[in-house]
Amino acid sequence: MEGTFLPQLAIGRGILYNRVAGMGRAASSFHTPQMSRRCGDASMSGGKQDRRTRYTRTALRESLMELMLQKGINKITIKELCQRADVNRSTFYAHYRDQYDLLRQVEDEILDEINANLAYFDMNNSDGTFRILENIFRYIQDNSSFCRLLLSERGDVTFQKRVMDLCQGRYMEQWLSSPRDIDPETAEYLYLYLVNGSIGVVQNWLRTEMEKTPSEMAELLLRFINQGMSAFA
């Protein structure tokens with residue numbers, strides 16, 4: 001898997017170092033200037049490869065975003081992506097199956113970030129929820145170009161559903177186990193109201209060029225959420 005080579009190499013070197021160190025001074029004969037140069041060359045080569053991979057992926061993702069602003073993804077060709085990113089087709093296929101796979105991986109990264117924050121979600125802890133929302137808004141701000149696109153009419157229509165499905169598991173589990181007097185059907189309606197409203201808030205924030213800070217948006221959204229939930233306290 002891409003990105004695992006260097007960590008594995010580092011572990012291997014650590015094991016080798018420990019074994020050789022235990023052999024005492026005799027081990028010094030194994031560490032020659034030629035070996036040092038070769039290890040250094042390998043490390044530099046790996047670093048260059050990692051930078052090249054990151055550059056290629058970034059260029060292709062930016063190209064996808066630019067093209068999706070002009071037309072639907074079903075009308076985007078691999079040739080267009082490669083020309084705009086200045087990479088050849090073989091390089092593209094070394095990273096992605098097609099344009100849909102490229103988009104899916106971009107979406108997955110955003111969802112992974114949201115999921116990592118939601119792992120600490122506790123509806124009874126307002127301070128903790130504020131920090132989670134602040135982190136999510138900050139991430140959206142840092143990746144505003146793609147988030148704005150994905151949440152627009154030109155974005156992937158399934159992306160919003162994936163966001164909602166991700167949030168629903170965390171929300172419903174805690175809500176139904178809480179002492180609040182609410183049946184599952186009503187809880188689901190409330191969840192849909194809160195999440196759809198939250199997505200609308202994010203969309204408007206992106207449309208208005210994020211005039212409010214992530215902290216201000218987190219505080220505002222938390223107030224909306226708390227007011228909606230207070231009706232069933």
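## Helix packing and aromatic pairs in an all-α model

From the N terminus on, the elements of this predicted model run α-α-α-α-α-α-α-α-α-α. That makes ten helices and zero strands. Helices (H or I, at least four residues) and strands (E, at least two) are DSSP runs, numbered from the N terminus. Residues are numbered from 1 along each chain as its sequence is written. Because the model is predicted, local features need pLDDT of at least 70, side-chain atom pairs count only at pLDDT 80 or more, and totals for chains, interfaces and linings use all residues; side-chain values use heavy atoms, with hydrogens and water left out.

**Overall figures**

The protein has 233 residues, and 36% of them are buried. Buried means under 20% relative accessible area, exposed over 50%, and partly exposed in between (1.4 Å probe, protein chains only). Among contacts with a separation of 6 or more, 65% join residues 24 or more positions apart. Contact means heavy atoms within 4.5 Å.

Helix α9 spans residues 184-207, and helix α10 spans residues 214-230. Helix α6 covers residues 126-142.

| Helix pair | Axes come within | Crossing angle |
|---|---|---|
| α9 and α10 | 11 Å | roughly 155° |
| α6 and α9 | 12 Å | roughly 40° |

Axes are lines fitted to C-alpha atoms, for helices over the stretch in contact, and angles run from 0 to 180 degrees between N-to-C directions. Angles under 35 degrees count as roughly parallel, over 145 as roughly antiparallel, 65 to 115 as roughly perpendicular and the rest as oblique. Helices α9 and α10 are therefore roughly antiparallel. Helices α6 and α9 are therefore oblique to each other.

What is the handedness of the α9 and α10 crossing? The crossing is right-handed. Helix α6 also passes α9 in a right-handed crossing. A crossing is left-handed if the near helix is turned anticlockwise from the far one by less than a right angle, and right-handed if clockwise.

Now the residues at each contact. From α9, L190, L194, S198, V201 and W205 take part. They meet P214, M217, L221, F224, I225, G228 and M229 in α10. By class, this contact has ten nonpolar, two polar and no charged residues. Ala, Val, Leu, Ile, Met, Phe, Trp, Tyr, Cys and Pro count as nonpolar, Asp, Glu, Lys and Arg as charged, and the others, Gly among them, as polar.

On the α6 side, F137, I140 and Q141 meet V202, W205 and L206 in α9. This contact has five nonpolar, one polar and no charged residues.

**Aromatic pairs**

How many aromatic pairs does a search of the whole structure find? The search finds three. Rings of Phe, Tyr and Trp (its six-membered ring) pair if their centres lie within 6.5 Å; planes under 30 degrees apart count as stacked, over 60 as edge-to-face and the rest as tilted.

F137 lies in α6 and W205 in α9, so the pair ties together parts that are 68 residues apart in sequence. F137 is buried, with a relative accessible area of 2%. W205 also counts as buried, at 2% relative accessibility.

Another pair is F92 with Y96. Here the ring centres are 5.7 Å apart and the planes are at 50°, so the pair is tilted. Both residues are buried. F92, Y93 and Y96 form one aromatic cluster.

**Around Y139**

Y139 is in helix α6. At 17% relative accessibility, Y139 counts as buried. Not counting residues up to four places away in sequence, Y139 touches E109, I110 and E113. The C-alpha atoms of Y139 and P214 are separated by 8.9 Å, and these residues are 75 apart along the chain.

Most residues other than glycine have a negative phi. E209 has a positive phi, near 60°. M210 has a positive phi too, near 55°. E209 is found in the loop between α9 and α10, and M210 has its place in the loop between α9 and α10 as well. Is each residue buried or exposed? E209 counts as exposed, at 56% relative accessibility. M210 is buried, with a relative accessible area of 16%.
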